[in-house]
Amino acid sequence: MTRVIHTGDTHIGYAQYHSPVRRQDFLDAFAAVVDDAIDGDVDAVVHAGDLFHDRRPELADLMGTISILRRLDDAGVPFLAVVGNHESTRGGQWLDLFERLGLATRLGDEPTVVGDTAFYGLDHVPVSRRDDLDYAFADHDADYAALVAHGLFEPFGYADWDTEEVLTESDVAFDAMLLGDNHAPDVAEVTDTWVTYPGSTERASASEKEGRGYNLVAFDADAAGGDDRVEIRRRALDTRPFVFVEADLREGEGAARVREKVRQHDLDDAVVLVSVTGDGDPVTPAAIEEFATEEGALIARVTDRREVETDAEVDVSFADPEDAVRERVEGMDLSEAARDVDEAVRADTLSDSNIRETVKGRIEERIDDLDAFGRGEADGSDEGSADPDGEDTETDVDETGEVVEAGDEAETDQPDPAATDGQVSMEDYL
Ligand SMILES: [Mn+2]
């Protein structure tokens with residue numbers, strides 16, 4: 001039997017709400033998972049991608065991560081991982097550095113056997129390049145096999161990756177797919193294989209309301225009993241408290257009522273997210289945010305949904321706004337690069353990502369392939385892709401600026417990919 005912790009989407013380095021405290025929280029959550037791994041004496045920690053929030057993590061986050069990985073290594077627990085979409089660079093990956101330091105194993109199409117289980121890896125691959133995948137994995141002679149992958153797999157929300165196709169085309173019969181990317185924890189069975197997301201380890205966006213945690217996975221036919229060969233249990237993590245306040249105002253009610261609703265919660269060191277709906281008087285979000293922080297909140301954000309609702313009335317005619325957007329985008333005859341950008345901008349709502357970096361990364365990946373820019377950069381800078389999360393308004397400017405800039409770069413005779421590749425900063429640290 002092999003017992004592992006399955007985690008992912010730790011997003012180390014994410015200064016959510018521009019808060020250094022939140023930045024530390026993401027690192028602390030990873031440390032907590034590793035502590036549990038050591039205390040629980042598991043056989044390995046399996047990380048399904050997005051260890052870092054950014055392709056170029058800062059030195060403090062790198063050093064913090066290395067010391068956590070070293071603790072795990074000192075305890076004799078291997079760290080097995082794949083690369084996610086947030087941290088993907090064109091050349092070397094941070095994971096390769098950790099591997100060279102003897103602190104991690106980058107999973108791939110050759111088996112990495114721990115106990116009696118063979119682990120394989122599938123890094124994140126953009127939708128436009130998935131047709132080239134043949135899901136060829138080398139043979140193994142272990143009792144069990146698991147595929148660790150990063151992407152949005154069926155049958156879960158926002159899925160764009162056909163899980164059944166992966167499983168049927170693969171040469172290896174997997175007992176489980178241990179996934180990352182979707183920040184909502186879930187588990188399902190697809191063609192006799194368990195498919196599961198552990199969820200993010202800290203709330204990376206306001207939509208991640210439920211408690212955070214990780215999976216404890218046991219490959220053991222006896223323990224699982226019956227037909228099952230794998231047992232998946234969820235373990236909770238003690239993370240930064242988030243307080244969600246719904247203030248549904250009636251006519252005549254205003255800021256005083258919102259403050260009253262806020263005060264009903266334990267605000268101590270919490271991220272407080274207030275949503276104002278209903279009728280009533282206008283409120284000033286900044287004043288309520290200040291009130292909440294004076295009452296002990298770490299961070300407070302107030303969203304007045306009443307304005308949004310008026311604007312969004314036109315959306316009622318769409319059964320699914322995402323479908324409508326997808327349909328429209330498909331009819332636009334965009335270049336491959338533009339589709340990559342569109343995909344990045346829209347798919348990242350799950351994690352409230354740093355869209356600027358992701359878009360830049362996707363363009364950098366294609367910079368040697370001028371055909372990918374076939375339809376010109378005007379399509380690529382399509383401003384129609386709104387950020388449905390509504391949180392990172394600053395990225396609107398950035399993503400357009402970034403695309404145009406990268407498109408220009410692609411047309412120069414001698415693009416210097418090294419100058420913009422994360423590998424350079426990695427070597428700086430070596
Ligand atoms: Mn993620």
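This is a predicted model: local features need pLDDT of at least 70, side-chain atom pairs count only at pLDDT 80 or more; totals for chains, interfaces and linings use all residues.
Tutor: Helices here are DSSP runs of H or I with at least four residues, strands are DSSP runs of E with at least two, and each kind is numbered from the N terminus.

Student: What share of the residues of the chain count as buried?

Tutor: Of the 430 residues, 43% count as buried, where the word asks for 20 or more other C-beta atoms within 10 Å of the residue's own. As for contacts between residues at least 6 apart in sequence, 74% of them join residues that are at least 24 apart.

Student: Which residues does UniProt list for "binding site" together with Asp-9?

Tutor: In an unreviewed entry, UniProt lists Asp-9, His-11, Asp-50 and His-183 under that name. These four span 175 residues in sequence, yet no two of their C-alpha atoms are more than 10.7 Å apart, so they gather at one spot.

Student: Why does Asp-9 count as buried?

Tutor: Asp-9 has 30 C-beta neighbours inside 10 Å, and because the cut-off is 20 or more, the residue is called buried. As to its place, Asp-9 lies in the loop between strand 1 (2-7) and helix 1 (20-39).

Student: Where do the residues listed for "binding site" with Asn-85 stand in space?

Tutor: A further "binding site" record in the unreviewed UniProt entry names Asp-50, Asn-85 and His-150. Although these are spread over 101 residues of sequence, they cluster in space, with a largest C-alpha distance of 8.2 Å.

Student: How do you know that Asn-85 and His-150 are buried?

Tutor: Asn-85 has 26 other C-beta atoms within 10 Å and His-150 has 29, so each count meets the cut-off of 20 or more and each residue is buried. Asn-85 is placed in the loop between strand 3 and helix 3, whereas His-150 is found in strand 7 (residues 144-151). Beyond four places in sequence, Asn-85 is in contact with His-124, His-150, Asp-181 and Thr-358, and the residues that His-150 touches include Asp-50, Asn-85, His-124 and Asp-181.

Student: Which residue does UniProt list for "active site"?

Tutor: The unreviewed entry gives His-86, which is in the loop between strand 3 (79-81) and helix 3 (94-100). With 27 other C-beta atoms within 10 Å, against a cut-off of 20 or more, His-86 is therefore buried.

Student: What makes Ile-12 buried?

Tutor: Ile-12, found in the loop between strand 1 and helix 1, has 27 other C-beta atoms within 10 Å, and because 20 or more are required, it is called buried. Among its contacts outside four places in sequence are Phe-26, Leu-27, Phe-30 and Leu-51. Ile-12 and Phe-30 are 18 residues apart in sequence and 7.9 Å apart in space, C-alpha to C-alpha.

Student: Why is helix 1 called roughly parallel to helix 2?

Tutor: Their axes are 10 Å apart and the helices pack at an angle of about 5 degrees. Since angles under 35 degrees count as roughly parallel, helix 1 is so described relative to helix 2. In this contact, Leu-27, Phe-30, Ala-31, Val-34, Ala-37 and Ile-38 in helix 1 meet Asp-61, Gly-64, Ile-68, Arg-71 and Leu-72 in helix 2. By class, the contact has eight nonpolar, one polar and two charged residues.

Student: At what angle do the axes of helix 6 and helix 7 cross?

Tutor: The axes of helix 6 (residues 255-263) and helix 7 (residues 285-294) come within 10 Å and cross at roughly 30 degrees. Because this falls under 35 degrees, helix 6 is roughly parallel to helix 7, and the crossing is right-handed. Ala-255, Val-258, Arg-259 and Val-262 of helix 6 make the contact with Ala-287, Ile-288, Phe-291 and Ala-292 of helix 7.

Conventions
Residues are numbered from 1 along each chain as its sequence is written. Axes are lines fitted to C-alpha atoms, for helices over the stretch in contact, and angles run from 0 to 180 degrees between N-to-C directions. Angles under 35 degrees count as roughly parallel, over 145 as roughly antiparallel, 65 to 115 as roughly perpendicular and the rest as oblique. A crossing is left-handed if the near helix is turned anticlockwise from the far one by less than a right angle, and right-handed if clockwise. Two residues are in contact if their C-beta atoms, placed from the backbone, lie within 7 Å. UniProt positions are given in the numbering used here, feature names are shortened, and annotations may be inferred rather than shown by experiment. A residue is buried if 20 or more other C-beta atoms lie within 10 Å of its own, exposed if 12 or fewer, and partly exposed in between; C-beta atoms are placed from the backbone. Ala, Val, Leu, Ile, Met, Phe, Trp, Tyr, Cys and Pro count as nonpolar, Asp, Glu, Lys and Arg as charged, and the others, Gly among them, as polar.
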